[in-house]
Amino acid sequence: MERTDQAALDAALEEAIAGRDGGGIPIGSALMAPDGTIVARGHNLRVQTGDPTAHAETVCIRNAGRRRDWHTLTLASTLSPCAMCTGTAVLHRIPRVIIGEHETFMGREDWLTAEGVEVILANDPRCIELMRTFIAERPDLWDEDIGVPPA
């Protein structure tokens, strides 16, 4: 993985930790310009705000505001993006997505690939451990986040 890609994933991981420390889901995201500048960051705020659409990637893209350069940006996420977040990336024609891990949750990487998005899977052990720990400690909250009905 390129140095700038690693910096984007590191920024996303910082956001994931902020989400966890704020009582929420530890998933983070960052948007990076071609020169390596992080132009927006965000983490999952679904628990903190009560907004079921406040996933990390969506929050990050909202934080980026109005732009005309989506087609040049790279989106980094600590976890494989769900269908909603994948759709947001596809809608905005983001051409590259860096994924920290997809062992704990496999999102819609197939959709990204089908749309011609370059997908970089980092298999980052920090991202994997963060999610494994969270899922083990808060399975109820994780199931709520991914839409699994109560048993």
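Is Ser80 buried or exposed? In this predicted model, where local features need pLDDT of at least 70, side-chain atom pairs count only at pLDDT 80 or more, and totals for chains, interfaces and linings use all residues, the answer is that Ser80 is buried, with a relative accessible area of 2%. Here buried means under 20% relative accessible area, exposed means over 50%, and partly exposed is in between, with a 1.4 Å probe and protein chains only. Residues are numbered from 1 along each chain as its sequence is written, and side-chain values use heavy atoms, with hydrogens and water left out.

Ser80 sits in the loop between β3 and α4. These labels come from DSSP runs, numbered from the N terminus: helices are H or I runs of at least four residues, and strands are E runs of at least two. So what does Ser80 touch, not counting residues up to four places away in sequence? The list is Ile99, Glu101, His102, Phe105, Met106, Gly107, Arg108 and Glu109, where contact means heavy atoms within 4.5 Å. Ile99 lies 19 residues from Ser80 along the chain, yet their C-alpha atoms are separated by 5.6 Å.

Next along comes helix α4, residues 83-91, whose buried residues are Cys85, Thr86, Gly87, Thr88, Ala89 and Val90. They pack against α3 (56-64), β3 (74-77) and α5 (109-114). Just after α4, Arg93 takes a positive phi of about 60 degrees.

What about the cysteines? A disulfide is a covalent bond between the sulfur atoms of two cysteines. In practice, it is counted when a pair of cysteine sulfur atoms is within 2.5 Å, and by this rule the count comes to zero. For Cys60, the nearest cysteine sulfur is that of Cys85, 10 Å away. Cys60 is also buried, at 0% relative accessibility. Cys82 has its closest cysteine sulfur in Cys85 too, but 3.7 Å is too far for a bond. Cys82 counts as buried as well, with a relative accessible area of 16%.

Now for the helices. Two packed helices are described by the angle between their axes and the distance between the axes. The axes are lines fitted to C-alpha atoms, for helices over the stretch in contact, and angles run from 0 to 180 degrees between N-to-C directions. For α1 (residues 3-21) and α6 (residues 125-137), the axes come within 11 Å and cross at roughly 15 degrees. That makes the pair roughly parallel, given that angles under 35 degrees count as roughly parallel, over 145 as roughly antiparallel, 65 to 115 as roughly perpendicular and the rest as oblique. On the α1 side, the contact is made by Gln6, Leu9, Asp10, Leu13, Ala16, Ile17 and Arg20, while α6 brings in Arg126, Cys127 and Leu130. These residues split into six nonpolar, one polar and three charged; Ala, Val, Leu, Ile, Met, Phe, Trp, Tyr, Cys and Pro count as nonpolar, Asp, Glu, Lys and Arg as charged, and the others, Gly among them, as polar.

Helix α6 meets α7 (residues 139-146) at another angle: their axes come within 5 Å and cross at roughly 110 degrees. That makes α6 roughly perpendicular to α7. Met131, Phe134, Ile135, Ala136 and Glu137 of α6 touch Pro139, Leu141 and Trp142 of α7. By class, this contact has seven nonpolar, no polar and one charged residues.

Back in α1, there is also Asp5. This residue is buried, with a relative accessible area of 3%. Leaving aside neighbours within four places in sequence, Asp5 is in contact with Met32, Arg96, Ile98 and Ile120.
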